[in-house]
Amino acid sequence: RFHYLTKVRIYLCTGKYELAVDLLQKLLYYTEVMKRTFVRMECELLLAITQQRMGYDGWDETLQRCLDEAQEYHFVRLVTREAGAAYKLLKMTAWKPQDKTFYKELLEEAGRMEKLYPAYLKTGAKEVVLGENALAILKLQAEGFSVAQIAKRLHIQEGTVKYHSSQ
C-alpha cells in the first residue's frame, strides 16, 4: 500500500494525473475487497485532489465522501498530512460538517501543515536523473536489501552504497 500511494503522490507532483487516477482506482478496489477503511479514505482524498487538478467536477463529491467518513472516526491527520493540497480543497468544498469542532480542527491543522510544507504535492517537480550505481542501489533498497547485502551484490564498498543513498 505504501509503495503504491507514494507512486500516486509522485504522479501528482509530476502532473501525471491519468496515471494517478488509474492506480487509485485499483487501490480503491483493493480497499473495498479487503475492507481497509483507512486506506480507502486516504485513496479517496488523493483521488479528490487529482480530480480537482484535472478539472473534473466530481472532485467535491469524492472529497465529501472522504470527509464524512473521516469525521465519523475523527481522523484529522488522515486529511491534514496532505498539507496544502488538502487545505486548498477544504477551502473550496461545499461540504457541510456535522461536527463543527472537527471541521475547525481540520482547517487549523491543514493550515499549519500547508505553512510547514509549502511545496508538498505541488506540480512542477523536476525529473531526477540518477546514475547507474545510484539507480541499482535504490532498486535494491526498495526490495529490502541491507547496505551490506547491496554492497556484496553490486561488488562495491559499503561506504559507496551509503554515499549513493545519502545523495
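This is a predicted model: local features need pLDDT of at least 70, side-chain atom pairs count only at pLDDT 80 or more; totals for chains, interfaces and linings use all residues.
Let's start with two helices. Helix α3 spans residues 37-54 and helix α6 spans residues 83-92; their axes lie 10 Å apart and cross at an angle of about 70°. The two helices are therefore roughly perpendicular to each other. On the α3 side, the contact involves Ala48, Ile49, Gln52 and Arg53, and these meet Ala85, Ala86, Lys88, Leu89 and Met92 of α6. By type, the residues of this contact divide into 6 nonpolar, 1 polar and 2 charged.

Next, have a look at arginine 9, which sits in helix α1 (residues 2-13). Arginine 9 counts as buried because its relative accessibility is 14%, under the 20% cut-off. Its side chain makes a polar contact of 3.0 Å with the side chain of glutamate 42. Beyond residues up to four places away in sequence, arginine 9 touches Glu42, Leu46, Arg81, Glu82, Tyr120 and Leu121.

Finally, the aromatic rings: the structure holds 4 aromatic pairs. Two of them are shown here.

| Pair | Distance between ring centres | Angle between planes | Arrangement |
|---|---|---|---|
| phenylalanine 38 and phenylalanine 75 | 5.2 Å | 75° | edge-to-face |
| tryptophan 95 and tyrosine 103 | 5.7 Å | 65° | edge-to-face |

The phenylalanine pair links distant parts of the chain, 37 residues apart: phenylalanine 38 belongs to helix α3, and phenylalanine 75 to the loop between α4 and α5. Phenylalanine 38 is partly exposed at 32%, and phenylalanine 75 is partly exposed at 26%. Together with Tyr73, Phe38 and Phe75 form one aromatic cluster. In the other pair, tryptophan 95 is buried at 5%, whereas tyrosine 103 is partly exposed at 21%.

Terms used:
Residues are numbered from 1 along each chain as its sequence is written. Side-chain values use heavy atoms; hydrogens and water are left out. Axes are lines fitted to C-alpha atoms, for helices over the stretch in contact, and angles run from 0 to 180 degrees between N-to-C directions. Helices (H or I, at least four residues) and strands (E, at least two) are DSSP runs, numbered from the N terminus. Angles under 35 degrees count as roughly parallel, over 145 as roughly antiparallel, 65 to 115 as roughly perpendicular and the rest as oblique. Contact means heavy atoms within 4.5 Å. Ala, Val, Leu, Ile, Met, Phe, Trp, Tyr, Cys and Pro count as nonpolar, Asp, Glu, Lys and Arg as charged, and the others, Gly among them, as polar. Buried means under 20% relative accessible area, exposed over 50%, partly exposed in between (1.4 Å probe, protein chains only). A polar contact is a pair of N or O atoms within 3.5 Å; within protein, one must be able to donate a hydrogen and the other to accept it, and residues adjacent in sequence count only if both atoms are side-chain atoms. Rings of Phe, Tyr and Trp (its six-membered ring) pair if their centres lie within 6.5 Å; planes under 30 degrees apart count as stacked, over 60 as edge-to-face and the rest as tilted.
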